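Hello,

Here is the structure for you to take over. Please look through it first; my notes follow below.

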Amino acid sequence: MLQPYDRVFNFSAGPSTLPVEVLEQARDEILNWHGAGMSVMEMSHRGGPFESIIAETEKDLRALLQVPEGYQVLFLQGGASLQFSMVPMNFLPTGGFAEYAVTGSWGEKAIESGKLAGDARLVFTAKDGGYRSTPAQIAWSPEAAYAHITSNETIQGVRFPSDPVSPVPLVCDMSSDILSRPVDVAKYALIYAGAQKNMGPAGATVVILSDEFLAKIPSGLPPMLDYRVQAKNNSLYNTPPCWSIYVMGLVFKRLLATGGLAGSQARNEAKAKLLYDAIDASGGFYTGHAEPASRSLMNVTFTLPDEDLTKRFLEEAEARKLDGLKGHRSVGGCRASIYNAFPIEGCQSLADFMAEFAKS
């Protein structure tokens with residue numbers, strides 16, 4: 001069991017656990033990166049050492065996702081929440097409209113920001129059903145400026161199991177499942193994702209967008225909120241989140257060395273299966289929030305029969321170093337977030353505890 005340094009199994013929804021090997025390398029390099037005589041946290045973002053770091057990080061991300069030609073890769077700040085506003089500011093034209101499919105709480109926030117910027121229309125919502133599933137098909141309008149989805153909802157624990165099809169530019173918030181499986185980037189006009197779940201520490205946001213989509217941006221936007229400015233300056237218009245980008249680069253190299261995204265998917269499916277099997281084998285003691293066809297591989301959400309049992313479950317789990325299992329207040333119950341770096345031993349430990357607790 002991989003539990004060095006007396007670490008807990010961290011089921012937090014984010015910031016999430018990082019590979020121990022990455023943390024060790026960052027520790028070893030923190031005072032003097034590759035003979036530069038300084039830490040990455042100290043070096044100029046316009047100097048040669050950091051320029052090599054960000055270039056290598058971008059190269060490895062392109063390799064992992066097999067990003068096709070004609071796409072920009074940007075490292076920005078502000079998290080997915082800023083992207084909720086940047087996307088419509090850049091791509092929702094005056095007199096036009098965009099469409100949003102809302103499958104959970106983060107989709108709600110995305111369209112809320114979209115409406116502040118212009119005509120953002122709700123084309124699908126799973127709210128009436130409690131956000132328990134994602135649609136097999138969505139009736140997008142061919143006149144929309146873009147279509148927006150959230151590939152994985154961390155709070156409700158639902159996902160799109162495959163890349164959707166859209167007749168218009170498809171924009172995706174992929175914050176909580178990026179790099180968890182192979183993705184056909186060519187199906188998307190723009191992908192954005194905060195780093196703090198599957199890629200690295202909080203502070204950086206990855207944006208991948210096509211040159212064709214980029215060309216549609218109007219003039220007159222504030223420079224920091226203009227994707228063209230960020231692309232022209234190679235994500236260095238201002239001081240970027242240097243440390244986060246550096247650690248992301250370490251994570252990307254580890255993913256490349258451990259089977260790429262096909263390897264990620266196999267590991268994530270095995271981890272999730274342990275927990276969903278524990279739910280399904282409990283005879284109804286545990287109830288999964290998501291419908292089976294839409295179950296997330298990243299966030300396993302479930303409830304117990306009552307609040308007293310839930311409180312006791314969480315207390316006993318924490319005593320076993322199973323940390324961060326409390327569900328979001330809007331869903332209740334429990335949530336096990338098992339992102340890429342989360343070890344399968346932690347899922348086995350939780351599954352064993354779930355069986356013992358239900359029996360007791």
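Lys273 is exposed, with a relative accessible area of 52%. Its partner is Asp277: the two side chains meet in a salt bridge, 2.7 Å from N to O. Asp277 is partly exposed, at 36% relative accessible area. Both residues belong to helix 8 (residues 260–280), where being four residues apart separates them by about one helical turn. An α-helix has 3.6 residues a turn, so residues three or four places apart point the same way.

Bear in mind that this is a predicted model.

The salt-bridge count comes to 16. Another one sits in helix 2 (residues 48–65), where Glu56 and Lys59 are three residues apart, again about one helical turn. Their closest N and O atoms are 3.7 Å apart. Glu56 is partly exposed, at 32%. Lys59 is partly exposed too, at 45%. This pair is part of a network of salt bridges that links Glu56, Lys59, Asp60 and Lys253.

Arg181 and Asp163 also form a salt bridge, at 3.5 Å from N to O. Arg181 lies in the loop between strand 8 and strand 9 (190–194), and Asp163 in the loop between strand 7 (158–159) and strand 8, so the pair ties together parts that are 18 residues apart in sequence. Is this pair buried or exposed? Arg181 is buried, with a relative accessible area of 6%. Asp163 counts as buried as well, at 14%.

Seven strands form an open sheet with mixed pairing, in the order 2-10-9-8-5-3-4. Strand 2 (71–76) and strand 4 stand at the edges with a single partner strand each, so one side of each has no neighbour in the sheet. From one strand to the next, the twist averages 20°. Strand 2 runs antiparallel to strand 10 (residues 205–210), and six bridges join them. Within this pairing, Leu76 stands opposite Thr205.

Helix 4 packs on the sheet and touches strand 3, strand 4, strand 5 and strand 8 (170–173). The direction of helix 4 makes about 165° with that of strand 3. Helix 4 (residues 105–117) has 13 residues. From first C-alpha to last it reaches 19 Å, close to the expected 18 Å.

Which residues of helix 4 are buried? They are Ser105, Gly107, Ala110, Ile111, Ser113 and Gly114. What covers them includes helix 3 (79–91), strand 3 (97–102), strand 4 (119–125), strand 5 (147–150) and strand 6 (152–153).

Best wishes

Note on methods. Residues are numbered from 1 along each chain as its sequence is written. This is a predicted model: local features need pLDDT of at least 70, side-chain atom pairs count only at pLDDT 80 or more; totals for chains, interfaces and linings use all residues. Side-chain values use heavy atoms; hydrogens and water are left out. Helices (H or I, at least four residues) and strands (E, at least two) are DSSP runs, numbered from the N terminus. The expected span of a helix is 1.5 Å times one less than its number of residues. Buried means under 20% relative accessible area, exposed over 50%, partly exposed in between (1.4 Å probe, protein chains only). Contact means heavy atoms within 4.5 Å. Two strands pair if DSSP finds at least two bridges between them. Axes are lines fitted to C-alpha atoms, for helices over the stretch in contact, and angles run from 0 to 180 degrees between N-to-C directions. A salt bridge is a side-chain nitrogen of Lys or Arg within 4 Å of a carboxyl oxygen of Asp or Glu.
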